[in-house]
Amino acid sequence: MPIHYDDTCAVFEDDCAAEEAEALLDWLRSQADATVDLTRCVHLHTAVFQVVIATTPRIIAPPKDQFLADCLAASMPIKK
Amino acid sequence: MNPLLSQFVIEARDQLEQASTGLLDLERRPGDAGVLQTVFRAIHTLKGSSGLVGVAPLTVLVHAAEDLLGAVRDGRVAVQTGMVDVLLDGLDRVGIWVDALETTGDLPSDAGDTASIQASRLRAWLGTPIPAKAAGTLSASWIARLDKAVRLETVRRAQAGGGMPSAVVYEPDPECFFRGDDPLALVRRIPERLALVIEPTSRWPQPESIDPLMCALRFRVLSAAPATAVEAVFRTVGDQARITPLALADLEADLDLGADLETNPALPASTRADVQPEAGSEDRAACRRILAEQVLVLELAVQGEQWLGRIDSVERTVCNCLGAIGDTDHLGKLASTAVAARATGSVQPLRAFVAELAGVSVVAEIAPPPEPAMRPARVEEIPADTRGAEVRGGAGRVLRVDSRRVDTLIETMGELIVAKNALPFLARRAEEEHDRRELSRAIKAQYEVIHRLVQELQSAVLAIRMLPVSQVFQRFPRLVRDLAHRLDKRVELAIEGEETEADKTVIESLADPLLHLIRNSIDHGIEPPEDRIAAGKPAHGTIRLAASRGPDAVIIEVGDDGCGIDSAAIRAKVVAQGILDAVRIQSLSEDEVLMLVFHPGFSSREEVSELSGRGVGLDAVLAVVETAGGTVALSSRLGQGTTVRLTLPLSLAIVRVMTVEVGGQVFGVPMDVVAETVRVPSGAFHSLNHGPGGERAFVLRDSVVPAIDLANALGLPPAPPAEQAAVLVVRLNGERVGVVVEAFRERLEVLVKPMEGALAGVAGYAGTALLGDGRVLPILDLKELI
């Protein structure tokens with residue numbers, strides 16, 4: 001599973017494909033205070049990325065992948 | 001002209017045509033996304049192919065049009081009449097340039113200036129005019145909002161690399177996820193990314209109503225790589241991304257460059273670290289791949305002179321790649337190698353050089369040098385068909401043939417008909433001179449077979465020249481629109497039967513008459529909107545342009561629902577202008593009176609308007625149509641409109657004639673004027689006025705038909721008196737006239753050639769044809785003669 005849901009934190013790993021987007025959105029909607037951990041994520045499909053920036057969960061760990069980090073920085077204020 | 005350029009000229013015309021037609025539709029139905037897409041695609045393709053032939057001003061202008069259309073598509077700008085005017089103007093200009101490219105191989109010298117003026121007029125509609133010196137670039141206000149340090153870095157890199165940086169605005173299709181697109185993956189591949197802005201296309205909805213399967217993002221990227229390198233990334237989604245080369249002016253908005261570069265060459269660590277190492281290596285890898293492709297391109301077989309174009313495009317691509325990775329050291333060698341390749345016709349050294357740059361090894365014995373003789377054998381391997389189909393969007397398999405080749409075919413065809421027509425002569429000789437009836441019959445039988453084959457061949461050959469009337473019709477929507485605007489009238493053009501086909505010559509001869517008729521309808525026929533409303537008609541006038549196929553003829557009707565023609569006014573006018581006297585005009589029927597508008601010098605309007613009514617026009621229409629062997633009819637009802645009907649032969653080349661004998665000579669009369677042939681007893685002629693050479697007439701089925709002696713008209717010795725006279729009844733200008741000849745001969749199909757040289761001015765002849773026995777048959781033009 002590229003994304004596994006750990007209590008209130010969604011942990012992303014490797015390459016997260018478009019199919020993950022709906023499940024992620026459902027999960028984010030159900031959480032009052034959702035956080036995401038993107039450290040080990042190497043690529044987010046645009047659909048998943050879009051869900052993340054549209055729902056603005058708190059990113060507890062930014063991605064190591066520089067491009068993804070740039071993209072997040074370019075589209076949402078990172079809440080620490 | 002090199003083949004690449006001539007192909008561009010042909011395709012550019014198609015695309016301009018599509019775009020102009022589409023723009024007119026768009027003006028009428030601004031919300032039609034399909035039409036907008038068609039226009040956009042035509043312009044986009046034109047821009048792309050213009051880049052290949054290196055006509056920069058043209059590209060700049062088309063690019064500006066594309067940007068504007070892109071803005072319309074994105075809903076940022078609404079379609080308005082003024083905008084359509086500017087776009088059409090731009091396309092007209094491009095059309096002029098395309099003509100210039102065809103004739104001189106180059107753009108006019110003022111093209112650069114014209115392009116930037118017209119481009120800025122187009123961009124003015126984007127709402128953000130740009131400074132003149134940045135012509136050809138996007139006025140990217142978002143760039144001005146970028147961090148100063150980033151812009152400074154871009155300028156610095158651009159100056160170091162010698163290329164222009166690019167701005168990308170990429171708005172993926174909302175449904176792109178369903179096609180498996182991942183826009184973010186594409187953005188990741190943009191080389192030398194310096195700045196990135198990601199924003200929703202509209203405000204994010206509440207989490208409950210987010211649709212995770214629809215893409216709602218817009219990406220803006222600033223890259224130090226040239227536009228060509230960036231375009232490669234977006235090749236598959238070209239219509240969703242706009243990539244614009246940036247002039248330094250766009251970046252320098254508020255930078256004090258000199259000072260900043262001197263004192264502060266280093267940039268904030270974050271910017272550099274973010275971008276450089278990764279982008280640089282990605283770039284190099286991409287360039288190596290592109291260069292490797294160029295090596296393959298040079299190995300492909302090409303036909304004719306296309307290898308020149310190929311060397312051009314490879315050189316340009318390699319040059320861009322070198323620019324993108326900041327490698328200026330090899331540019332000199334590239335240029336010299338390319339020049340050598342063009343001069344010697346051997347691409348081997350160029351290929352080796354590009355391979356070296358790409359870091360791929362070249363197998364020594366592959367691909368023989370492209371010597372002309374070697375190439376055709378391998379042409380079949382190139383999927384030329386698929387490329388063509390891609391460009392023309394499945395327009396069917398169309399063969400473009402030089403019209404001269406078809407003309408040669410038709411001439412040979414004409415000679416074949418002449419040769420065929422010799423057989424009956426031969427049959428007669430066999431019978432009469434050699435008394436070989438059997439042989440004569442065999443020749444006749446053989447003649448029938450050849451006749452049938454020749455006819456099939458003839459219709460097949462003539463079909464090649466057949467064009468749909470849409471070829472002429474397609475220019476009229478634009479004309480009607482412009483004229484109506486100028487006269488403050490509201491006019492719709494309804495076109496019917498545009499797929500009707502006729503011979504190329506007929507189609508071409510139609511253009512001017514139709515132009516006159518449509519002008520007349522708009523100027524004199526359609527009333528101003530307020531008058532129309534007062535008369536209980538819709539404010540919009542309608543002009544109907546309809547083509548249909550009649551027997552052996554194509555019928556074109558130009559009708560309007562305007563004010564119609566007042567025959568009383570015409571009667572008065574004709575008398576006042578001294579065209580006919582008051583007594584004569586009383587004898588004319590209503591239809592005959594209406595036809596007087598075609599009389600030379602007739603103009604029903606008091607004042608001379610800007611468009612028509614200069615006293616020329618309708619008579620010119622009649623002249624052109626009659627020269628083409630056609631007829632004109634007019635019907636009009638006062639207050640309800642006027643319709644002019646042109647009937648033209650399907651083909652001008654082959655004419656059916658009736659041959660007649662007069663004074664020992666044979667003449668041809670085109671069958672289309674012959675109504676019937678009758679034999680009239682000499683006693684049945686009545687003299688209308690006495691004396692030698694006086695007018696005569698005879699009674700045919702209870703009506704009086706004037707008779708003219710052809711021998712007399714041609715100045716030939718009069719025929720010996722006979723009991724019966726052979727009379728050819730012809731229809732001229734709607735009246736029947738009897739033409740007295742000595743004898744009727746056979747009917748023939750002949751290829752009529754116009755009179756040339758010293759004979760061109762001789763009145764009374766339509767041309768000549770060659771008979772089967774080698775004699776020349778003069779074809780009479782009875783209208784002129786009588």
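Which residues is B:Val354 in contact with, leaving aside its neighbours within four places in sequence? I looked this up in a predicted model, and I found B:Leu291, B:Gln294, B:Val295 and B:Leu298, together with B:Val314 and B:Val318, as the contacts of B:Val354 once those sequence neighbours are set aside.

I then turned to the nonpolar cores. The largest has 76 residues, and B:Val354 is listed with A:Val48, A:Val51 and B:Val168 as those with the most contacts inside this core. Helix α13 of chain B, residues 306-324, gives the most to the core, with 7 residues. I also noted that domain 2 (139-267) and domain 3 (282-392) of chain B each supply at least three residues to this core. Apart from it I found another core, of 38 residues, which includes B:Val472, B:Val506, B:Leu596 and B:Phe598. In soluble globular proteins, nonpolar side chains tend to be buried together.

Next I checked B:Leu416. I placed this residue in helix α18 of chain B, which covers residues 403-432.

Last, I took down the totals for chain B. I counted 29 helices and 22 strands in this chain, and of its 786 residues 35% count as buried. Among the contacts in chain B with a separation of 6 or more, I noted that 68% come from residues 24 or more positions apart.

Note on methods. Residues are numbered from 1 along each chain as its sequence is written. Chains are lettered from A and ligands numbered from 1 in the order in which they are written. This is a predicted model: local features need pLDDT of at least 70, side-chain atom pairs count only at pLDDT 80 or more; totals for chains, interfaces and linings use all residues. Helices (H or I, at least four residues) and strands (E, at least two) are DSSP runs, numbered from the N terminus. A residue is buried if 20 or more other C-beta atoms lie within 10 Å of its own, exposed if 12 or fewer, and partly exposed in between; C-beta atoms are placed from the backbone. Two residues are in contact if their C-beta atoms, placed from the backbone, lie within 7 Å. A nonpolar core is a set of buried Ala, Val, Leu, Ile, Met, Phe, Trp, Tyr and Cys residues joined through C-beta atoms within 7 Å. Domain bounds come from an automatic or database domain assignment.
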